[in-house]
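Hi,

Here is the structure I said I would pass on.

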Amino acid sequence: WILAVVLALWPATVCASAWGPDSGASEVIVKAEVVTASQGFDASGTAAIDLPQWEEKRVTVFAERGVHDLLSVFAKANIQDIQTSVDSFSGLGSVEIGLKTPLYRSDRSALSASVSLDGFGKGRRDEFSVPGDEDPDIEVRLYGGHSFEARKVPMFVDAQVARRARSGSNADQWRVDVTVGARPSPKWIVMAQVFAGKTDRLNGFEAKWTHVETSAVRFFDAKQTLGVQFGLRQTVSGENVPKSSAVTIGLWKRF
């Protein structure tokens, strides 16, 4: 259930958790997001930039399948509708494909690594870039997860660090994502997440961002193979990025 919920509530920028699917098992996640902003953070980190129009709608489909005890494959595609005062785009945002392998596994802990290629679309891959980039990105990601109990409530933490190499005139990026989740009842899981990152400085430009999201998932069957989620996300700090708010709704299915 840990893997299923992490996948269901993860934003589009994150592809999986430390707990990969078993060999022959699959996860399919469909997620819709509406992102809006009225202000942006300037280079000093102050929300001093007015954004008269900023709205982005996304539908993301993610799938992961375990093909071997030591290997899983995943793919992610998103459709975007971007409307800002300077940009307008509707269509395929990007497609990401990758491989993930476990490095360590115990009853309560997991450590994994993945490599992926992101491209094949013409949309926006982050909130500070512009649509139209066709150059592929390569990302290497390390995942660590641990489950435990606090006052008899099952909980888990999942932390990820990624290095994304971008092509063309785009700066490479560091990304750090941390999730803490609790299961107060068999039919509910609640989560608090932080998604942070920064670009390398390139031509005098550098972007930083920290998003905070709270989410909940509701199960509909005893085996927990079908669930829906609802989440709210807010940019709490950054440089050269919008101060955005997002509402997310997700549906996931485990086979």
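Predicted model: local features only at pLDDT ≥ 70, side-chain atom pairs only at ≥ 80, totals over all residues.

Strand 11 and strand 12 (residues 226-239) run antiparallel, with 12 bridges joining them. They make a hairpin that has 6 residues between the strands, and Q224 there takes a positive phi near 60°.

A handy place to look is Q229, which stands opposite G250 in strand 13. The hairpin of strand 12 and strand 13 has 2 residues between the strands, and N240 in its turn has a positive phi of about 60°.

Strand 11 turns up in the core too. The largest nonpolar core has 13 residues, and the ones with the most contacts inside it are A18, W19, I189, V217, F219 and W252. Which elements give two or more residues to this core? They are strand 10 (188-199) and strand 11 (208-219). As a general point, nonpolar side chains tend to be buried together in soluble globular proteins.

Now for two single residues I looked at in some detail.

The first topic is S109, which you will find in strand 6 (residues 109-119). Is S109 buried or exposed? S109 counts as buried, because its relative accessible area is 19% and the cut-off is under 20%. Beyond its neighbours within four places in sequence, S109 is in contact with Y104, G145 and H146. With H146 there is also a polar contact between the two side chains, at 2.7 Å.

The other one is R65, in strand 3 (residues 54-68). Its relative accessibility is 40%, so R65 counts as partly exposed. Leaving out residues up to four places away in sequence, R65 touches P21, G24, A25, S26, S72 and V73. Two of these contacts deserve a click in the viewer: the R65 side chain reaches the backbone oxygen of G24 at 3.1 Å, and it makes a polar contact of 2.7 Å with the side chain of S26. If you want a distance along the way, the C-alpha atoms of R65 and A75 are separated by 9.3 Å, with the two residues 10 apart along the chain.

That's what I have for now.

Cheers

Definitions and conventions. Residues numbered from 1 in each chain as written. Heavy atoms only, no water. Core = buried A, V, L, I, M, F, W, Y, C linked by side-chain atoms within 4.5 Å. Buried < 20%, exposed > 50% of the residue type's maximum accessible area, 1.4 Å probe, protein only. Helix = DSSP H or I, 4+ residues; strand = E, 2+ residues; numbered from the N terminus. Polar contact = N/O pair within 3.5 Å; in protein donor to acceptor, adjacent residues only side chain to side chain. Contact = heavy atoms within 4.5 Å. Pairing = 2+ DSSP bridges.
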